[in-house]
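Here's a quick tour of one protein model, written for someone just starting out. Have the 3D view open and follow along.

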Amino acid sequence: MEAAYQELRRRLGVVTDLNTAAELLFWDQTVMMPPTGARVRAGQLETIQRLAHEHAVDDEVGRLLEQLRPLEESLPYDSDEASLIRVARHDWEKARRVPPELAAEITRVASEAMEAWVQARAASDFESFRPWLERTLELKRRYVHCFEADGDPYDLLLDDYEPGMRTEEVRAVFDRLREVLPGLIDAAASDEQDAFLSGPFPEDAQLGLSLELLRAWGFTEDSWRLDRTIHPFCSSSGSHDIRLTTRYAEDDLTSLFTAMHEMGHGLYEHGVADSLEGTPLGTGCSSALHESQSRLWENVVGRSLPFWRWFHPRAQAAFPDVLGDVDVEQLHRAVNRVRRSFIRVDADEATYGLHIILRFELEQELLFGDLAVADLPEAWNARFREFMGVDVPEDRLGVLQDVHWSSGSFGYFPTYQLGNVVSVQIWERVREALPGIDAQLEQGEFGPLAAWLEEHVYRHGRKFTPRELLERVVGGPIDPEPYIRYLESKFGSAVAA
């Protein structure tokens, strides 16, 4: 039995290594590769995806999984070995449904479409991107048809990012938020201009301040990188190779919050137990749980008053001409203002949920409804007007702002807002476990928080489903009420101030 287990682990390691190689090629494409390398890079990624898929669905993997059933059943559910067998079986059974040729084609088209999106976004030219989106949607429908849907077909796409989650569960959470967010935004939205937030903030100083912050949170040069890209993300090739990306503009401080956000993702990957390295368990358990950590560090911590009492003098030292006369309360209010804005990644905590609900609705209509790709910009602009009360002036600020649809990541967007919800559920448990957390943040002591999260969330990797992990950490399922209380408390105070 031990020999069979080691052979299974070896075979799964090959798949993990191939997927990691693809991740590195993607990182290079978005960070360092010359634009004209896109066509060749797409072919390279297609080859690696085909090989990874063929290894993942190999009959021998299935035979080993069947042989190891007695071992799985004899071990504790949360043991590394039982968890590896269980998760590998789920992955194998799902991957077997998809022909290697389709998996490879999806990867190739995603790579090519991403470069088309970069150019279309820069030119605010949706028509140049439309054929790529139509092709991507065709491939996603073929992917869905590989499975026998016993419910909403969107469940199959959602499961790729949030295993076990059902569309009706997402709708229930989002419907509750739809009841609350518009009124909260109406009450809290401000047209007040904080002139000091327009800079100028030299890019070198932004980089230096970002690195000072990230080092306080655990960033070290021997295991981490911070680079520039168009659409920031975090890439991991293992728990000791974490690559963060960001972007800069001299007329805002968004790069600081981008760095916090991606560091939250990086801390999750960095905190996975070493025993899970090189296996399918060696990464976060789902997109929503991952997003809960990026949003916890970016928003719950990074926009809190205790944090800014520590960070404020550092920001002043980095930008003395702009922030030298701005006190901590002013700066804290400024970075928490509620504004109806166009760009999701720059949205405040109150309006962010509506950005996600819009995408959640539109991508289902694109995939399974009657919305034609040619009509998408008009539909986007009308829905945005309905949600935010403002008109979108150009596609660069509307339908072309996100990279996700170019890469075929349908089912991903809702996990962003689910992550916001979960972040506050977890934060409530943090406050119970670390009653001195506010004082610690004010002193720049982030180690206790990071250690608690590593112990209760990060180290488990994919050993548990999202539902199981949430049950272990917060004692129940996803629940929007703590998040609603958090928003109402925070922005009620902001309005009063």
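**A proline in a loop**

Let's start at Pro200, which is found in the loop between α9 (167-188) and α10 (203-217). Helices here are DSSP runs (H or I, at least four residues), numbered from the N terminus.

Keep in mind that this is a predicted model, where local features need pLDDT of at least 70, side-chain atom pairs count only at pLDDT 80 or more, and totals for chains, interfaces and linings use all residues. Residues are numbered from 1 along each chain as its sequence is written, and side-chain values use heavy atoms, with hydrogens and water left out.

**Another loop to look at**

- Ser124 has a positive phi of about 50°, although it is not a glycine.
- You'll find Ser124 in the loop between α6 (100-123) and α7 (126-144).

**Helix α5**

- Helix α5 covers residues 80-95, so 16 residues in all, and it reaches 22 Å from its first C-alpha to its last.
- That is close to the 22 Å expected at 1.5 Å a residue (the expected span is 1.5 Å times one less than the number of residues).
- Buried residues of α5 include Leu84, Ile85, Val87 and Trp92, where buried means under 20% relative accessible area (1.4 Å probe, protein chains only).
- Charged names turn up on that buried list too, including Arg86, Arg89 and Lys94.
- The cover over the buried residues of α5 includes α1 (2-31), α2 (38-56), α3 (59-67), α4 (69-74), α7 and α8 (154-161).

**Cavities**

- Rolling a probe the size of a water molecule over the atoms shows where empty space is left.
- The structure holds 5 cavities of 30 Å³ or more; a cavity is a set of points on a 1 Å grid over the protein atoms alone where a 1.4 Å probe fits but cannot get out.
- The largest cavity has about 150 Å³ of space, a volume being the space filled by probe spheres set on the points.
- Its lining has 14 residues, and Glu162, Met165, Pro466, Arg467 and Leu470 lie nearest the centre (lining residues have an atom within 4 Å of a point).
- α21 (466-474) and α12 (287-301) each supply at least two lining residues, and α21 gives the most, with 3.
- By class, the lining has 9 nonpolar, 2 polar and 3 charged residues.

**Cysteines**

- How many disulfides does a search of the whole structure find? It finds 0, a disulfide being a pair of cysteine sulfur atoms within 2.5 Å.
- Cys234 counts as buried, at 18% relative accessibility, and so does Cys146, at 19%.

Definitions and conventions. On a 1 Å grid over the protein atoms alone, a cavity is a set of points where a 1.4 Å probe fits but cannot get out, and a pocket is an open set with protein on both sides within 12 Å along at least five of seven lines; lining residues have an atom within 4 Å of a point. Buried means under 20% relative accessible area, exposed over 50%, partly exposed in between (1.4 Å probe, protein chains only). Contact means heavy atoms within 4.5 Å.
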